[in-house]
Amino acid sequence: MKYSALKIFLEGLTGNKGWKPVWREPEPKEEYDIIVIGGGGHGLSTAYYLAKEFGISNVAVLEKGWIGSGNIGRNTTIIRSNYLLKANQPFYELSMQMWENLEQEFNYNAMVSQRGIMNLYHNDPQRDAFVRRGNAMKLSGAGAVLLNEKELRKVAPFLDFDNARFPIKGALCQPRGGTVRHDAVAWGYARGADSLGVDIIQNCEVTGLNLDKGVCVGVETVRGPIKAKKVAICVAGSSSNLMRMAGLKLPIESHVLQAFVSEGLKPALPGVITFGAGHFYVSQSDKGGLVFGGDIDGYNSYAQRGNLPTLEDVCEGGMAIMPMIGRARLLRMWGGIMDMSMDGSPFIDKTPIDGLYFNGGWCYGGFKATPASGFCYAHLLAKDAYHPKAAKFKLDRFRRGDIIDEKGQGAQPNLH
Amino acid sequence: MIINHPYLGPRDASEFVYKGDANLINRPNWDSKNSHQQFHDYLYLRDNPEGEHKELWYHEQGDRSWLIVTRNTITHEVLDVKLVRDVSVGKRK
Amino acid sequence: MHNFSLRKTHALNGYVETVNGINICELTDIEIFALAIPIGKERTAKTSFKKYFNCGMPDVGKLEAIHKNQMHILRMSNDQLFAINKSSSKSEFRKIFIGLGAKFYITEQTDSWVGLKVGGNRINECLERICMIDISIEKFGVNNFARTMMEHMGVIILRTKDHEFEIFSASSSIKSFLHAITTSAKNI
Amino acid sequence: MNKVMRLHGSKINRKKHIKFKFNDKEMTGVDGDTLASAMLANGQMLFARSFKYHRPRGVLTAGSEEPNALVNFFNDHSWEPNTKATTIELYDGLLAKSQNHKGSLEFDFMAINDYFHKFLSAGFYYKTFMWPKSFWEKIYEPVIRSAAGLGTLEKKDDPSIYDKGFLHCDLLVIGAGPAGIMATLTAAKNGLKVILCEEDFVLGGRLNADTEFINEQAGSAWADDKLDEIKQFANVKVMIRTSVYGSFDHGIFGAVERKTDHIRSSGGKPRQILWRIYTKRSILTAGALERFISFGNNDRPGIMLSSAIRTYLNRWGVCPGKRIALFTNNNDGWRTARELRDSGCNVVAVIDSRMESSNQLDGVPTFKGETIIDTRGRKRIKSIELKDGTTIETDCLGVSGGWNPNIHLSCHQRGKPVWDDKKLCFLPDKIPFGMKVAGSANGKFLLSDVMRDSIQKTEQIVKELGYKYKKISVPKCTGEDLIIEECWEVSGTKSRSWVDLQNDVTSKDIYQSYLEGFHSVEHLKRYTTLGMATDQGKSSNVLGLAIMAKIQKTTVGDVGTTIFRPPYTPVAIGTLAGRARGKEFRPYRLTPSHNWATEMGAVFVETGNWLRAQWFPKPNEKHWRQSVDREVLETRKSVGICDVTTLGKIDIKGRDAGEFLNRVYANNFGKLEVGKTRYGLMLRDDGVAYDDGTTARLSDNHFMMTTTTANAVGVFRHLEFCRQCLWQELDVHMISSTDGWAQYAIAGPNSRKLLQKIVDDNYNIENENFPFMACGEITICGGTAARLFRISFSGELAYELAVPSRYGDSLIRILMEAGKEFNAVPYGTEALGVMRIEKGHAAGNELNGQITAQNLGMGKLISKKNDCIGNLMSEREEFEAPESLRLVGFIPVEKSKSLTAGSHLFSRSIEHKMENDEGWLSSVAYSPNLEHSIGLGFIKNGHNRIGETVVAVNLINNQLLDVEIVSPHFLDPEGERLRA
């Protein structure tokens, strides 16, 4: 069913009774070419690109609960390609370019809103680091602008320029950065994949991996065994649990990241703004809520909820740079489980077990990567070859010392 | 969260700094064979259990002790707290 | 040949104020020594401690108040003690610490900390704004102490009377700490 | 303007009149009013506009669960959007105005949306606005954004003061209705330390809203008496205007106390206080919230919850209509009708959906087994139409769809409530440790059951905490239990039936989303925005779930709920930040020379929490470069002085201190002699460079380590880890001395001469006695203990002199005094930076956590003879790879040009794209000695490319520059100066 203004008009006249399900609810088949475990953003986009770009549509996406119930359903919706390192930036820029054409492609308005992202800097060393990063962005075609204080005052006059503990000296800006309606991304990919023949199977938790002579040949689920030529794990947050079924340990810890939204307000913020001397970032949704967050709580957790110190730390950061939000009220806070990796960078790789593939370790950067992650994972699954822009996200990189550490924090996940 | 310090009693977790899996106290011998392999696994691989987890916390705003806290990662319930010094006295070479 | 002499200054120039009923004053005449207990020599350390202070070594988190409360000896951790000396007789104690030097590793900490005496009928209401541990009189009586954190600053808080505390915090950030205390006093 | 028409109200003082303004309309209320009750008393039923269709909205409830009556409230010098009129305490001169409309509240142009509602059904925006692509940011989104949102945030700093605090108790009682009061009394009498929190400004909860009797006493009066009794207990703290907004791990609760919102201005005191309450036990006695029923046009102003009408009547003496009708599926709706009639209000009809309803009411037309199918009246309800076609004129309709226990806080730790299909409500389950739920929050609706439940739960708590329990008897109470039959949605209406009043979600939207395959309750919420309004679904969720259940032909329990998340009611971000804003965001650390530097007019810079002097401008100097160049030149020519106290100083003692340093530093430390200092490079265990500094050996078992300013805390933590967790056998002890010592660098050819003027004569610091890298404990100025280190960051003959910080201020003044004859200059961090770059020392920009010892050209330093942190992992192939990055120096080929830090480096005549990227410039400066720009940076294989010209590419400001690779030691590469 093609969506359009006309379609809405015609349906409206007939009482909106003619809409069709956005995706089917099929019974699992006995066997698939590829099973994608995890109906989150990355899993759904993987299935979508397998069918669309690589002609493999005998694919099932197995979701424990409802699709989009993972971090795609609980993130702060920011997209950006403002990384520093060679192993990362081209990949995220690919993702950004895919965002820019996504909606027309799968005929679903995910409200990709490129209103810009501004990373504030507060001292000279930070500015130097941003110049280096900005140049990396430009070298990868992402585009970047360095705003000084005077220029920044024009676009964000509400920032606390005159009384801040850590003076605001300027910002590194990516005009193409912005936000996307996160749930719509999951639904759009599901709709696209489904229409290409992919089976999306909800309430189908995977309880085991079936190995035959060291080769992964399928999965056990709460709805019975399902055979597959290849099994693709894509369950960031619970990666360790799935890989444990295959007897493998990961360079990953699961941590809780909290996110927050305020009551609805008339437009108050230009785009995404991040604090460079504390833990706070914020944007405003189309609905009017200030969507904001900060650092992870910092301890291993699978609880999908956090605690007070982080909430307060984040709000302190917010008031430190924009004291006008003092009377905006926090409406809701929630938490998601992050695959925090040992260098802060993700994995898209084969596992030591034939037929078993792994995608995870996205830390809190997974949402923006959704299109490229799915595309490059599909590439690997279809061709058994790394996509050149995701060739460094290997599980064995630490053995070789080929570390991708944007923050320079070393092998301690909660610092990334 | 609250961490019940064995000597100082219940203290808010914000007095502490988290490091990670308690296995980090078992640093391999540098001169054992395949020590590179051992160091890689020690430094980079984690059990990351969903449930009971032994982990290291540092009481930075207290007695500066390193603690092994046994905590459930689903409910956050703290089941046990000990000083590293007290648990691994036997380990002293 | 030189004709220069160094002048001592106090971090808060001997601050004394009453803010909204809360009395705040800088402790200008104290000495603080840290005593570390050598590993493997705990027993000898204990005995010499008894010899010099004629009291047992306090447990971790507890203190001994000696010389009419003029000296507090705080057990900061299993291998470290702090001796806070308020008495006028400094030199005599210096001798003690030199004597102890054989059995402990002694590091003077006087200049690392600044002490504030804070008191008043509503002192608990004032401190509950920034102190996360329970300092109600029934839970935290006279001569109880704790090392904790207030407004991102590490502190040692010690109850000296029902309505009086001594709080020690790092000397470099003491102006911010004083601000935290006075703000709390104003806000009650 | 309406005259204030008041009946008797239990919690108002009718004699005390209060003037206020709503949309510049003068009105009068009475003492004890909320803005809502006062506006109703003034006959003002139109409060606001809805979110999507901009339909007129009245007031639905009488409490903090209100979805409709949101206003912009002026208090403490600022407007606060989205404030619930039902929670605003009236005070003299109060200002409020309506929000979310273009034009006036009465005539809102945006109401046009309502006429196009057919095309604005659930999720319509996902299906259009996609063409042309470029229109989204430019046209569609701005329009949607300005239409969306509710209130307007003032674009100015929040002027109010906020604070935080910590409270501790044995038992926290949440909600001071009958159950809360009973629990508090029971616990108090048993000696527990109790905190009672009530979000309202009076205690009693529904006792003030109903007319029940307790021990032959009117409920509201009983509440007053009990409050007096409670106040007698020293072990109880009663906090009104305090909302417990969240339940967190291990019995920690978040609460907000509204200190001054009920007066015009806070008068310099905090407006609100954020409390963290540490509890051993808690009891949730938050009562229950009434829900309404979905029927045609059920959103009109004048349609209220039946219990809310009762509250306005009994507590505030306000009768909200002249012709009131009731629609109910239970016996509680009848109670409202009866009480209205008994207070002389005009009840025109009671419509009860239940066939077998036993309720009666003399003199009131009743319709049993009937339902309302539609209503009329744009800005206020005029009439209702029953299914049988009867039309009834009415200006106020009370709806009673049953009660939802207020279990919110019992679910914050992922508890899932269970459905009770007799009481037709969710009951708490999987409650957090330490919490109990009692009263109607626990599904008890008969007052005596409420009391009994509360006392029993408290008894359990008393015993759990090891107190001996003194029996408390259950008071005698009037009241009736809830008798209810399902009636969620009136079918067969052509009109829209609202489910979420604020977000304009109708039952049609729920049907449509199901049709489109959104079957999970989470999908329903996210697709229709049901329950995402400022009340987080308090008035809408269960109704929506019930309709979903009906569609799926299953039970509400099987449909399940979405997750309850904090906060229970919205909390101002300012309150959550407390006092940590502006300059108070984080503490300042000041150096011993701070006062002196301020007198000198120094310019300061934040480095971490420290404030350091950046440079010391002279009056004639216009540009910072002039000051910095002068400071550098004077220092290198004669002598300069810099406060280096901020470097981390760790005092390390112990028999095994030497061995310890040997293991924590990558380079060997074992053989460092007493009286000597050595440079140390610290790696992380992953082999990457972490920190560096110098460590001095003052005696056999006493070392003084310095760290970088940035890593001081982290290094100390790391060393404690090594000592406590890795090498417990080593006798080593550490204590931070950073704040204990004031330390000054005295650098330049005349530094020794200067020092000799203040160092006591018995210490010989001539070169042969005190050579480069020497250190010692000395006395200065006639006996003051000090420490002297002959180390040099600047590359000059230099020392660092440390004294106890109490002498720091005095020492800088003496040094400057003594330095006069050499024209000694103070220098700041900028000059420090310039000189270290001239000398080729790595600093923060180089040691960024991504750089290896090999990159720094220090690979050879790493000890292979013994175990030390990081040496093994630093042998991995990528670390040892040839062609890897190397720290080298750079100068512009055209000397007049200046380098920019952050530029990327490319071989000449090669395309400037990422694949060809070879490195970057990390630190640059203008060298006043070389009189041109210089830089340090990393480039592939750099040490083998000295002399090569490469291109420094800075696309950020379109600058391409030919630069020559040179040795990083721009000045005195042989180090003759520092050994002089």
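1. Let's start with a helix pair. In chain D, helix H9 (residues 507-515) packs against helix H11 (residues 541-552) at an angle of about 45 degrees, and their axes are 10 Å apart. Please keep in mind that this is a predicted model.

2. How do H9(D) and H11(D) lie to each other? Angles of 65 to 115 degrees count as roughly perpendicular and those under 35 as roughly parallel; the two helices are therefore oblique to each other. The crossing of H9(D) past H11(D) is right-handed.

3. Here is who touches whom. From H9(D), the contact uses Ser507(D), Ile510(D), Tyr511(D) and Tyr514(D), while H11(D) brings Gly544(D), Ile547(D), Met548(D), Lys550(D), Ile551(D) and Gln552(D). By class, this contact has six nonpolar residues, three polar ones and one charged.

4. Now to the cavities. Searching the whole structure turns up 10 cavities of 30 Å³ or more. The second largest cavity holds about 410 Å³ of space.

5. Which residues lie nearest the centre of the second largest cavity? They are Gly537(D), Lys538(D), Asn541(D), Val542(D) and Phe564(D), out of 24 residues in its lining. Strand S25 (403-405), helix H10 (521-528) and H11, all of chain D, are the elements that each give two or more residues to this lining.

Key. Residues are numbered from 1 along each chain as its sequence is written. Chains are lettered from A and ligands numbered from 1 in the order in which they are written. This is a predicted model: local features need pLDDT of at least 70, side-chain atom pairs count only at pLDDT 80 or more; totals for chains, interfaces and linings use all residues. Side-chain values use heavy atoms; hydrogens and water are left out. Axes are lines fitted to C-alpha atoms, for helices over the stretch in contact, and angles run from 0 to 180 degrees between N-to-C directions. Helices (H or I, at least four residues) and strands (E, at least two) are DSSP runs, numbered from the N terminus. Angles under 35 degrees count as roughly parallel, over 145 as roughly antiparallel, 65 to 115 as roughly perpendicular and the rest as oblique. A crossing is left-handed if the near helix is turned anticlockwise from the far one by less than a right angle, and right-handed if clockwise. Contact means heavy atoms within 4.5 Å. Ala, Val, Leu, Ile, Met, Phe, Trp, Tyr, Cys and Pro count as nonpolar, Asp, Glu, Lys and Arg as charged, and the others, Gly among them, as polar. On a 1 Å grid over the protein atoms alone, a cavity is a set of points where a 1.4 Å probe fits but cannot get out, and a pocket is an open set with protein on both sides within 12 Å along at least five of seven lines; lining residues have an atom within 4 Å of a point. Grid points are joined across faces, edges and corners, and a volume is the space filled by probe spheres set on the points.
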